[in-house]
Number of protein chains: 2
Amino acid sequence: MVDKTSGVPVHRQVAADLRERITAGEYAPGDKLPSERAMIETYGVSRLTIREALSILRAEGVVVTEHGRGVFVRPPASIQRLSRSRLSRAARAENKGAFLADAAAQGFTPSSSVRVRFEPADERAAGHLGIQPGDEVTVRDRVMRADGLVVQLAVSRLPRTFTRGTAIEEVDTGPGGAYARLEEAGHTIGHYAEHVGSRMPTPEEASALQLGQGIPVITVTRVAYREDGTPLEMNDMVLPADRYELTYEWAAE
Amino acid sequence: MVDKTSGVPVHRQVAADLRERITAGEYAPGDKLPSERAMIETYGVSRLTIREALSILRAEGVVVTEHGRGVFVRPPASIQRLSRSRLSRAARAENKGAFLADAAAQGFTPSSSVRVRFEPADERAAGHLGIQPGDEVTVRDRVMRADGLVVQLAVSRLPRTFTRGTAIEEVDTGPGGAYARLEEAGHTIGHYAEHVGSRMPTPEEASALQLGQGIPVITVTRVAYREDGTPLEMNDMVLPADRYELTYEWAAE
């Protein structure tokens with residue numbers, strides 16, 4: 001199983017063998033891997049080699065170590081995020097916003113904290129919002145929790161011309177959230193666009209989201225447009241990749 | 001700028017300061033950072049400290065080192081992938097498939113290599129395709145290149161009942177690709193779903209996609225459904241996160 005004459009470092013061979021067994025489903029998501037002692041026996045290598053092999057798989061996010069309990073195959077992303085239905089007016093009518101719709105669908109207890117501030121738009125925000133750099137925007141900076149754990153960071157920016165005199169400038173935007181307030185003020189939403197990417201977290205994000213080693217973040221920038229095509233809101237979201245799967249559906253055309 | 005009495009390791013302080021300047025746009029994407037010599041001067045720290053700070057930012061994918069040229073702020077993702085339009089029948093009529101539509105829209109020279117094989121469906125494929133584990137599927141394993149560089153890995157699986165006797169079992173599926181062949185055979189596509197996630201690459205993916213340190217992959221599993229809701233195809237795609245941004249648009253409802 002391990003070929004000491006192959007020129008490939010032995011710890012890489014062990015990592016490759018474990019990775020293959022995990023991919024093949026021999027060790028399923030959430031399964032505990034064999035003990036160090038058992039792997040030393042199986043592969044005929046040293047404890048250090050096993051530890052180096054596991055360290056590679058940990059950096060890849062393939063396994064997680066739970067101290068005192070052992071090494072486990074990382075479980076699959078557990079929060080399904082279906083963009084269309086979570087943002088529907090029907091969901092808004094029943095809940096306070098998209099994150100509460102997720103919570104209802106997935107059965108977790110949601111909570112969030114919000115800070116509201118006002119600032120001049122930078123180049124990027126101005127580009128997405130169709131305004132001039134320096135124009136004032138209302139910023140809603142949110143930390144979202146599921147069962148007490150932070151699962152999403154979201155910074156929403158709206159041109160202040162659309163938020164003045166509305167509850168969007170308050171900490172509590174009221175039933176249905178900011179989108180409901182925009183529509184009440186006559187800004188009926190016509191369509192949404194989400195721009196999705198991925199990167200490694202900043203140290204602040206890794207700490208807030210309690211990210212394990214080798215776990216990237218998914219970045220989503222959503223822009224909500226009025227029926228006439230005017231951008232109303234830009235929302236920069238950061239999601240832990242080990243917990244979220246995003247689903248988009250559309251009709252063939 | 002660096003506080004040697006703060007208890008925060010000095011190289012982390014330097015990394016944090018550089019990260020902030022990059023985020024604020026003082027160093028823009030693609031910009032060269034100051035030389036080591038200049039940074040030693042600015043921060044009043046050792047060469048080793050500067051190197052440790054840059055190593056943190058490299059592992060986060062924030063900067064890239066080009067040997068002999070210097071350290072650069074990573075440029076933004078350059079390939080925009082707009083799901084709806086790239087899969088439209090209009091795009092298929094003009095091109096050979098979605099990847100060629102991307103190439104035409106983004107101005108790169110596309111090429112790809114394909115291997116076709118047949119295998120029994122595993123649990124996951126069977127689940128997405130609505131068939132039994134062990135049922136035969138046609139597998140199209142593709143490596144896609146832009147200007148000669150590998151930019152996407154895509155493994156498509158279709159129940160063999162839909163591909164027998166069609167060019168989908170050939171290396172060259174012909175004009176419009178596999179979706180055009182499915183529709184010719186009477187399987188009109190009704191809708192698509194894409195499931196999007198992110199993780200660190202396997203060593204094989206890192207090598208094939210020439211991924212730099214600290215660059216995750218975006219995973220997209222697309223399922224194409226017939227008008228009656230029967231799944232026709234499941235396509236597992238792996239995209240380098242430093243090159244791709246995925247865009248999804250939908251009407252508010």
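This briefing walks through salt bridges in the structure above. The model is predicted, so local features need pLDDT of at least 70, side-chain atom pairs count only at pLDDT 80 or more, and totals for chains, interfaces and linings use all residues. Side-chain values use heavy atoms, without hydrogens or water. Taking a salt bridge as a side-chain nitrogen of Lys or Arg within 4 Å of a carboxyl oxygen of Asp or Glu, the count over all chains is 48.

- In chain A, A:Arg92 and A:Glu183 form a salt bridge at 3.3 Å, N to O.
- That pair links helix H5 (residues 89-94) to helix H9 (residues 177-184) of chain A, 91 residues apart; helices here are DSSP runs of H or I with at least four residues, and strands are runs of E with at least two, numbered from the N terminus.
- A:Arg92 is buried, at 9% relative accessible area, where buried means under 20% (1.4 Å probe, protein chains only).
- In chain B, B:Arg92 and B:Glu183 also pair in a salt bridge, with their closest N and O atoms 3.3 Å apart.
- B:Arg92 sits in helix H5 (residues 89-94) and B:Glu183 in helix H9 (residues 177-184) of chain B, so the bridge ties together parts 91 residues apart in sequence.
- B:Arg92 is buried at 10%, and B:Glu183 counts as buried at 19%.

**Arg222 and Glu194 in chain B**

- The side chains of B:Arg222 and B:Glu194 form a salt bridge at 3.0 Å, N to O.
- B:Arg222 belongs to strand S8 (residues 217-226) and B:Glu194 to strand S7 (residues 189-199), so this pair joins parts 28 residues apart in sequence.
- Both B:Arg222 and B:Glu194 are buried.

Key. Residues numbered from 1 in each chain as written. Chains lettered and ligands numbered in written order. Buried < 20%, exposed > 50% of the residue type's maximum accessible area, 1.4 Å probe, protein only.
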